[in-house]
Amino acid sequence: MHKEQVQIFDTTLRDGEQVPGCKLDTNQKLIIARQLDELGVDVIEAGFPISSPGDFKSVEEISKLVKNAVVCGLTRSLKKDIEVAAEAIKKAKRPRIHTGIGTSDSHIIHKFKSNREDVLERAVAAVKYAKTFVEDVEFYAEDAGRTDNEFLARVCEAVIKAGATVLNIPDTTGYCLPEEYGAKMKYLKENVTGIEKAILSCHCHNDLGLATANSISGVINGARQVECTINGIGERAGNTSLEEVVMILKQHSDLNLDTNINTQMLYATSQMVSEKMGVYVQPNKAIVGANAFAHSSGIHQDGVIKNRETYEIINPKDVGVTESAIVLTARSGRAALAYRAKNAGYELTKVQLDEVYTQFLDFADKKKEINDDDIHILIKKSNVSIVA
Ligand code: KIV
Ligand code: ZN
């Protein structure tokens, strides 16, 4: 059955780079942009060109470099922002301007000290102005997660009329529940005249740990673009994690949705971004964490050694990890020890395994993790006559 495509919009170099202390220079951004292009992302949000001369230069250089992806520059709904972004992306093969404004009452009243009608007008004017520079204009309704659906629908309808090609519905504060965020997408699909002319986009923040769940709920309800970052990095608790969304869509073939991502490059890309930004990946991070394919308890190890799929729903090779790891700790059983001993060159009989296992438990209680060197020592210390 033909699968529908979900566009992957990577904002590692814009929203992701807003992590405190993680500023990248142009050269580092170019290296990451090349990797993202090879990874197969559909859109690279290269930066916020008016924010600094350095960001302008990075967006300009990335625009010249990228071969396949759309290159996008962020703006507020201000003429000057749009002019600067248009200049920065003008050498891109496929340029996009990403403009928008806050639409929640909180933004309208406190940030703009304004009213809904004025914000609606500013939104339309920004899109119309951006259209004078590029064909592809994405509109974001900042804090859409807390925006009243009826007003949000009015804004969406008006900016589509003004020429917006993509409608970004950000849960800027990471507040929504998956059902609520999905319902918002559904509401827009059903209540915005002309919605078929634009792509709905999910942009979720992770303040309550729901960014990925909300994005998936968004696509289930009709969104066809997901905005995300490598390793889920971003301001505060971060953005939706690219690798999580991509692998959820891949593993759940029942959703009938697909992306253009070469999943075998995910692990290397995660490592590259972590190294360049100086932000380590938490070990239990889904898909790319050091422990994502590591098994340490005896019951799990026994199951995985007999059949990998007993405890793994993803083949590690599919994300560029060579193989699952059987980690030896005091919680490991005989099956794991025999497996690791075999890999280290020792084929143990049942009696020999019992002998080495007793020594192993003693050692493992003192040491957190047993490595191959330790296995050699254990075998030597045990009363078994085996030569590796
Ligand atoms: O989270 C957000 O609302 C944003 C917009 C600027 C797109 O990052
Ligand atoms: Zn954001």
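At 49% relative accessibility, arginine 236 counts as partly exposed, a class that lies between buried, under 20% relative accessible area, and exposed, over 50%, with a 1.4 Å probe and protein chains only. Arginine 236 lies in the loop between strand E9 (225–228) and helix H9 (242–251), where helices (H or I, at least four residues) and strands (E, at least two) are DSSP runs numbered from the N terminus. Its phi is near 50°, a positive value in a residue other than glycine.

The structure is a predicted model, in which local features need pLDDT of at least 70 and side-chain atom pairs count only at pLDDT 80 or more, whereas totals for chains, interfaces and linings use all residues. Residues are numbered from 1 along each chain as its sequence is written, chains are lettered from A and ligands numbered from 1 in the order in which they are written, and side-chain values use heavy atoms, with hydrogens and water left out.

The protein chain contains 14 helices and twelve strands, and its C-alpha trace spans about 85 × 45 × 40 Å along the principal axes. Of its 388 residues, 54% count as buried.

The space taken by ligand 1 is the largest pocket. A pocket is defined on a 1 Å grid over the protein atoms alone as an open set of points with protein on both sides within 12 Å along at least five of seven lines, in contrast to a cavity, where a 1.4 Å probe fits but cannot get out, and lining residues have an atom within 4 Å of a point. A molecule sits in such a space if more than half of its atoms lie within 2 Å of its grid points.

Taken alone, ligand 1 exposes 260 Å², of which the protein buries 92%, with accessible areas computed by the Shrake-Rupley method and a 1.4 Å probe, and with only the protein chains shown counting as cover for residues.

Histidine 203, found in strand E8 (residues 199–204), counts as buried at 4% relative accessibility. Its side chain is joined to that of aspartate 15 by a polar contact of 2.9 Å, and to that of glutamate 227 by one of 2.7 Å. A polar contact is a pair of N or O atoms within 3.5 Å; within protein, one must be able to donate a hydrogen and the other to accept it, and residues adjacent in sequence count only if both atoms are side-chain atoms. Histidine 98, in strand E5 (residues 95–102), has 1% relative accessibility and therefore counts as buried. The side chain of histidine 98 makes polar contacts with the side chains of glutamate 138, at 3.3 Å, and of asparagine 168, at 3.2 Å.

Lysine 113, which is not a glycine, has a positive phi of about 45° and is placed in the loop between helix H4 (105–111) and helix H5 (116–131); at 68% relative accessibility, lysine 113 counts as exposed. Isoleucine 375 lies in helix H14 (residues 372–381) and, at 2% relative accessibility, counts as buried. Its C-alpha atom is separated by 10 Å from that of asparagine 343, 32 residues apart along the chain. Aspartate 362, in helix H13 (residues 350–366), counts as partly exposed at 49% relative accessibility, and it is 275 residues from glutamate 87 in sequence and 67 Å from it in space, C-alpha to C-alpha.
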